[in-house]
Amino acid sequence: MSGAQGPKPLIAVCQVTSTPDQEHNWAACSQLVREATRRDACVVFLPEAFDFIGSCTEETLRLAEPLEGDYLQRYLSLARECGVWLSLGGFHEKGEDWESTRRIYNCHLLVDPKGSVVATYRKIHLFDVELEGRVSLKESAFTNPGSEMVPPVPTPAGKVLLRARAIETQCYVVAAAQTGQHHPRRTSFGHSMVVDPWGSIVAQCREGPGLCFAEIDLAYLHRLRQEMPVFAHRQPRLYSQAAGEWGFAPP
């Protein structure tokens with residue numbers, strides 16, 4: 001990189017309290033997106049389950065919609081109206097196999113300012129946890145795992161990775177989170193954040209709905225990768241070797 005640098009891209013991270021009431025969730029999310037664009041954010045990140053958090057499996061399956069459904073179309077129109085990129089984390093998707101599987105997908109979508117879906121990532125590694133007497137959540141009981149990885153997509157804030165770790169991958173990591181009481185049996189604790197490639201938190205929400213903003217310094221990122229070229233130190237041959245030894249090789 002050389003020459004004069006333009007303004008650093010500004011991103012916005014939304015922290016919301018999703019409930020089973022989809023209209024309530026839409027009102028809260030759309031308000032934050034519009035507020036973010038008034039601040040000239042070029043990419044706005046919404047958290048997993050921005051559409052709703054059901055109070056039981058039956059309600060979750062009932063409220064889920066296909067990508068072509070009316071609810072998601074509102075967000076495509078919102079992106080077009082505001083002229084902004086939207087990262088929509090964790091939409092409850094009824095896929096084409098709904099009738100046969102009766103399970104949904106946890107689908108992350110990236111929407112461009114024209115209102116077009118430019119990338120979809122269906123969560124591969126599902127979240128199952130059982131903490132005796134405290135938490136019981138088995139995503140695999142009602143969710144199909146995705147079947148493919150998705151390459152990064154160029155945006156004004158760089159290539160937005162759907163899953164990454166900051167220091168290991170020398171990337172900015174954007175983590176939009178839920179907060180507050182979703183329904184009587186589920187609570188989230190906020191702390192949405194943006195982490196820079198050194199692992200430093202450069203922006204963070206506390207508890208409660210709201211926004212945090214961060215400038216993405218692509219020149220700094222480029223310089224860091226030159227000064228500490230960790231990707232040049234990798235030995236990919238060991239990955240395939242280990243995969244074969246551990247029984248992970250494709251059939």
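Q: How many aromatic pairs does the count come to in this predicted model?
A: A pair of aromatic rings is described by the distance of the centres and the angle of the planes. Two rings of Phe, Tyr or Trp pair if their centres lie within 6.5 Å. By this rule, the count for the model comes to 4 aromatic pairs.

Q: Which kind of pair do the rings of Trp-26 and Tyr-75 make: stacked, tilted or edge-to-face?
A: Start with the distance: the ring centres of Trp-26 and Tyr-75 are 4.9 Å apart. Next comes the angle, where planes over 60 degrees apart count as edge-to-face. The planes of these two rings stand at 90°, so the pair is edge-to-face.

Q: How do α1 and α3 run relative to each other, roughly parallel or roughly antiparallel?
A: Two packed helices are described by the angle between their axes and the distance between the axes. Helix α1 (residues 22-38) and helix α3 (residues 70-82) have axes 11 Å apart and pack at an angle of about 15°. Angles under 35 degrees count as roughly parallel. That is why α1 and α3 are described as roughly parallel.

Q: What are the numbers of nonpolar, polar and charged residues in the contact of α1 with α3?
A: On the α1 side, the contact includes Trp-26, Cys-29 and Val-33. On the α3 side, the residues include Tyr-75, Leu-78 and Glu-81. Taken together, the residues of this contact divide into 7 nonpolar, 4 polar and 4 charged.

Q: Which strands are at the edges of the open sheet of 6 strands?
A: Let's walk across the sheet: its order is β5-β4-β3-β2-β1-β15, with mixed pairing. An edge strand of this sheet pairs on one side only. The edge strands are β5 (117-122) and β15 (210-215).

Q: Which residue in β15 does Cys-14 stand opposite?
A: Strands of a sheet pair through backbone hydrogen bonds, either parallel or antiparallel. Strand β1 (residues 10-15) and β15 run antiparallel and are joined by 6 bridges. Across from Cys-14, the residue in β15 is Leu-211.

Q: At about what angle does α3 run to β3?
A: Both helices lie across strands: α1 lies across β1, β2, β3 and β15. For its part, α3 lies across β2, β3, β4 and β5. While α1 runs at about 35° to β15, α3 runs to β3 at about 180°.

Q: What is the average twist from one strand to the next in the open sheet of 3 strands?
A: This sheet has the order β10-β13-β14, and its pairing is antiparallel. Its edge strands are β10 (173-175) and β14 (201-204). From one strand to the next, the twist averages 10°.

Q: Which residue in β14 is the bridge partner of Val-195?
A: Strand β13 (residues 193-195) runs antiparallel to β14, and 3 bridges join them. In β14, the partner of Val-195 is Ile-201.

Q: How many residues lie between β11 and β12 in their hairpin?
A: Strand β11 (residues 179-183) and strand β12 (residues 186-189) run antiparallel, joined by 4 bridges. Gly-180 stands opposite Ser-188 in β12. The two strands form a hairpin, and the number of residues between them is 2.

Terms used:
Residues are numbered from 1 along each chain as its sequence is written. This is a predicted model: local features need pLDDT of at least 70, side-chain atom pairs count only at pLDDT 80 or more; totals for chains, interfaces and linings use all residues. Side-chain values use heavy atoms; hydrogens and water are left out. Axes are lines fitted to C-alpha atoms, for helices over the stretch in contact, and angles run from 0 to 180 degrees between N-to-C directions. Angles under 35 degrees count as roughly parallel, over 145 as roughly antiparallel, 65 to 115 as roughly perpendicular and the rest as oblique. Contact means heavy atoms within 4.5 Å. Ala, Val, Leu, Ile, Met, Phe, Trp, Tyr, Cys and Pro count as nonpolar, Asp, Glu, Lys and Arg as charged, and the others, Gly among them, as polar. Two strands pair if DSSP finds at least two bridges between them. Rings of Phe, Tyr and Trp (its six-membered ring) pair if their centres lie within 6.5 Å; planes under 30 degrees apart count as stacked, over 60 as edge-to-face and the rest as tilted.
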